[in-house]
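The plan is to look things up one at a time and jot down what turns up.

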Amino acid sequence: MPDITHALLIGASAEKIYEMLTTQKGLSEWWTPNTKANTVLNSIAYFPFGPGYFKEMLITELKPFELIRWTCMKGADEWVGTEIVFRLIPGDKEFFLKEYPAMQGQVEQLQSYEGTLLIFSHHHWKSHTLMLAECNYTWGQFLRSLKLLCETGRGKPWPNQHR
């Protein structure tokens with residue numbers, strides 16, 4: 001099964017990023033407005049994307065400041081049953097250069113000395129499809145929105161993620 005994976009260095013603490021990934025306010029400011037979510041294991045988060053379309057995610061794992069895991073329960077057919085994982089690794093520039101040399105370009109452009117590496121994965125796609133390719137691109141845009149929100153206080157949630 002194919003997966004989507006992104007690695008993104010964010011100039012913010014793991015605590016701040018975790019808050020943006022686990023609160024209704026945070027999720028609404030970088031992914032989609034009017035999100036309905038609780039930071040409770042086994043709860044359902046609701047993500048509306050315009051009239052008549054939404055996704056529902058079962059929150060299956062929460063390790064504060066380290067890991068968030070969701071399973072898609074409702075949405076486009078290709079999304080249902082997929083798993084989304086956000087892994088947070090805090091550190092400073094020296095740590096990232098030593099432990100993750102592939103991140104050198106992002107480390108060099110990091111505005112702060114410390115930050116958090118976000119490793120994002122969207123697992124268990126059934127096959128390589130146009131929707132998988134489009135979602136890969138769009139996740140990149142939304143993760144940029146998360147980075148902007150954490151670093152500047154303003155994200156680019158749906159429907160503005162491509163602008």
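**Entry 1: a strand pair.** I began with β3 (residues 54-63) and β4 (residues 67-74), which pair in the antiparallel sense over seven bridges. For my own reference, two strands count as paired if DSSP finds at least two bridges between them. Strands themselves are DSSP runs (E, at least two residues), helices are runs of H or I with at least four, and both are numbered from the N terminus. I also looked up one bridge in this pair: Met-57 has Cys-72 in β4 as its partner.

A note on what I'm looking at: this is a predicted model, where local features need pLDDT of at least 70 and side-chain atom pairs count only at pLDDT 80 or more, while totals for chains, interfaces and linings use all residues. Residues are numbered from 1 along each chain as its sequence is written, and side-chain values use heavy atoms, with hydrogens and water left out.

**Entry 2: Glu-56.** Leaving out residues up to four places away in sequence, Glu-56 touches Ile-44, Ala-45, Tyr-46, Thr-71, Cys-72, Met-73 and Lys-74. Contact here means heavy atoms within 4.5 Å.

**Entry 3: the whole sheet.** Next I wrote down the strand order. Six strands make an open sheet, β1-β6-β5-β4-β3-β2, with antiparallel pairing. β1 and β2 are at the edges with a single partner strand each, so one side of each has no neighbour in the sheet. On average, neighbouring strands are turned by 25 degrees against each other, direction ignored. Angles between axes run from 0 to 180 degrees between N-to-C directions, the axes being lines fitted to C-alpha atoms (for helices, over the stretch in contact).

**Entry 4: helices on the sheet.** Which strands does α5 lie across? I get β1, β5 and β6, with α5 running at about 15 degrees to β1. α5 has 23 residues and reaches 33 Å from first C-alpha to last, close to the expected 33 Å at 1.5 Å a residue. That expected span is 1.5 Å times one less than the number of residues.

I then listed buried residues in α5; among them are Leu-132, Cys-135, Trp-139, Phe-142, Leu-146 and Leu-149. A reminder to myself: an α-helix has 3.6 residues a turn, so residues three or four places apart point the same way. The cover over the buried residues of α5 includes β1 (4-10), α1 (14-22), α2 (24-30), β5 (83-92) and β6 (114-123).

**Entry 5: past the end of α5.** Just after α5, Gly-153 has a positive phi of about 90 degrees. Most residues other than glycine have a negative phi, and most peptide bonds are trans.

Asn-160 sits in that segment too, after α5 (130-152). Its relative accessibility is 31%, so Asn-160 counts as partly exposed. The side chains of Asn-160 and Arg-163 are joined by a polar contact of 2.3 Å. A polar contact is a pair of N or O atoms within 3.5 Å; within protein, one must be able to donate a hydrogen and the other to accept it, and residues adjacent in sequence count only if both atoms are side-chain atoms. From C-alpha to C-alpha, Asn-160 is 17 Å from Cys-150, ten residues away in sequence.

**Entry 6: two asparagines with positive phi.** Where is Asn-34? I located Asn-34 in the loop between α2 and β2 (44-48). Its phi is near 65 degrees, positive in a residue other than glycine, and Asn-34 is exposed at 55% relative accessible area. Asn-42 is in the loop between α2 and β2, with a positive phi of about 70 degrees although it is not a glycine. Asn-42 is exposed, with a relative accessible area of 54%.

**Entry 7: the overall picture.** How many helices and strands does the protein have? I count five helices and six strands, running β-α-α-β-β-β-β-α-α-β-α from the N terminus. Buried residues make up 44% of the 163 residues.

Note on methods:
Buried < 20%, exposed > 50% of the residue type's maximum accessible area, 1.4 Å probe, protein only.
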